[in-house]
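Subject: Structure handover

Hi,

Here is the structure I promised to pass on. My notes follow below it.

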Amino acid sequence: MNISLLSVVGYLVGIAALVGLNAVILVWLERKVAGHMQFRLGPMEVGPHGILQTLADGIKLVSKQLVIPDEADKPLFLLAPIVSLVPIFAAMVPLPFSETVQAWELNIGLLLIIALGLLNTLGILLAGWGSNNKYALLGGARAVAQILAYKIPLLICVMTIIMMTGSYSLRDIAIAQKDTWNVLYQPILFIVYIITVTLETNRSPFDFSEAESELVAGFHTEYSGMGFSLFFLAEYSYMFIAAGLATVLFLGGWHGPWLPGVAWTLIKIYSIIFLMMWFRWTFPRVRIDQMLSFGWKILLPLSLINFIITAGVLAL
Amino acid sequence: MFDIVIHDVYYLSFAMILILVLGGGIIAVTSKSLIYCFFGLVGSLLGVAGLYYNLGSPLVAVMQIMIYIGAVCVAIAFGVSLTRKSEDEGVNPPDIKAAIPIVLVTAMLGSTLKGLEGRHIVASAHKIDESRIGWMLLKEYLLPFEIISILLTVAVLGAVTIALINRRIG
């Protein structure tokens, strides 16, 4: 292990830049997509086509006061956004953007990302409890309830791909799809993955822990200024990571004609994110009990049957 | 100037992990609020994952996070969010009985360290391939592996039965 401190600092700065830039682009894209889906224009004033709108909003948020409610549990309240954001810096490390562009090749990269994704739920629970607000607490409790319903199908999905490739390394999985993408072998699994990932990133139609029509703003009801922005930074980064995993697991990673690998990876990642935004403005929010029974009664058996069939085909 | 390598950072990270493990553990045991106990436990288990990583086994570290934080702690959080006990009532403060396991564990650790005193310990750090662990679990240790899963099934069935009985009475 002779990695110099300089390269570690380099990775951290690179990942921090990626997290920030990604959030700036995605917030703008989300508002633009929302606008065009509703026959509006979205933000237009700041910069050409409103592209600098997020920067202006960011400056506004930074300059705002972080209000801590009197009755809130102060240490937990302050810790929650940090717990939500910090695992991202580690989860982005094994994500490959091309054959050579990758922060660190880990032979258990896939497991690391999934394990760190779990910490986000803890951040939401912390926020829900620390705010001492009934809407926030309900949001936190919902986040914990739904984790059990989506994580198991998600893990089975990932396990099927691991079984097909024989490696936990994201790089190996992408290399194995040089000729045929996994999505052609496993279309059902891809749908299950996209649904579970929409659940994991708290996106509509499964945004139960936010649910603005039911819970005000859910777990981040009491957060203002930077606390709120850190949660959003975390949410958009988790979307990026989830879409990045989908790219590597199902869409062949950096493989594609003509363009360089990094460009293909980014095109695929942002296409999947666009798909998730599309969901948000197309489907109405389902009820939490509907989603829980959907997770346990449809997603889990579906992914298990798919797993068994794949194992059978591979054994032949 | 920049030739500091990871090896030098190792001791710093070890100290930070120790603070996380011990601090989390102390919060988990002594705190009066149930949710503080819970997050103390999470911190402590995260620290243990860090220890595994520092000992050169990233697979075990990731598994520790996945199983203990992803499964066990989430199940506990689920339980905590379903309890009716309000925060004001709090958890019973630790009494004199809590000292017994502390004394026992300290005595055990102390005697172990005393026994090891003066001996030269060589750490055998030959790396085991992850795939070998998988083969061992599915071949040589298949029976213990399956027995553990039966144990878990029995525990789940027991929990369901208890919940059903309570529901009928209530």
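Is Pro69(A) buried, exposed or partly exposed? Pro69(A) counts as partly exposed, because it has 16 C-beta neighbours inside 10 Å. (Buried means 20 or more other C-beta atoms within 10 Å of the residue's own, exposed means 12 or fewer, and partly exposed is in between; C-beta atoms are placed from the backbone.)

Some ground rules. This is a predicted model, where local features need pLDDT of at least 70, side-chain atom pairs count only at pLDDT 80 or more, and totals for chains, interfaces and linings use all residues. Residues are numbered from 1 along each chain as its sequence is written, while chains are lettered from A and ligands numbered from 1 in the order in which they are written.

More on Pro69(A). It lies in the loop between helix 2 and helix 3 of chain A. (Helices are DSSP runs of H or I with at least four residues, strands are E runs with at least two, and both are numbered from the N terminus.) Leaving aside neighbours within four places in sequence, Pro69(A) contacts Ser131(A), Asn132(A) and Glu222(A). (Contact means C-beta atoms, placed from the backbone, within 7 Å.) Ala141(A) is 72 residues from Pro69(A) along the chain, and their C-alpha atoms are separated by 20 Å.

Helix 1 of chain A
Helix 1 covers residues 5-37 of chain A. Its 33 residues should span 48 Å at 1.5 Å a residue, and the end C-alpha atoms are 47 Å apart, which agrees. (The expected span is 1.5 Å times one less than the number of residues.) Its buried residues include Val19(A), Leu26(A) and Trp28(A). Asn22(A), Glu30(A) and Lys32(A) are also among them. Their cover includes helix 2 (53-63), helix 3 (74-91), helix 10 (225-250) and helix 11 (261-282) of chain A.

Phe39(A) is exposed, with 6 other C-beta atoms within 10 Å. His49(A) is in the loop between helix 1 and helix 2 of chain A. Its phi is near 55°, a positive value in a residue other than glycine. His49(A) counts as partly exposed, because it has 14 C-beta neighbours inside 10 Å.

Helix packing in chain A
Helix 3 and helix 4 of chain A pack at about 170°, with axes 8 Å apart. (Axes are lines fitted to C-alpha atoms, for helices over the stretch in contact; angles run from 0 to 180 degrees between N-to-C directions.) That makes helix 3 of chain A roughly antiparallel to helix 4 of chain A. (Under 35 degrees counts as roughly parallel, over 145 as roughly antiparallel, 65 to 115 as roughly perpendicular and the rest as oblique.) Their contact has 17 nonpolar, five polar and no charged residues. (Ala, Val, Leu, Ile, Met, Phe, Trp, Tyr, Cys and Pro count as nonpolar, Asp, Glu, Lys and Arg as charged, and the others, Gly among them, as polar.)

Gly123(A) sits in helix 4 (residues 109-130) of chain A. Gly123(A) is buried, because it has 24 C-beta neighbours inside 10 Å. Not counting residues up to four places away in sequence, Gly123(A) touches Ala80(A), Val83(A) and Ser84(A).

Chain B
Chain B has six helices and zero strands. Of its 170 residues, 15% count as buried.

Best wishes

Notes:
Two residues are in contact if their C-beta atoms, placed from the backbone, lie within 7 Å.
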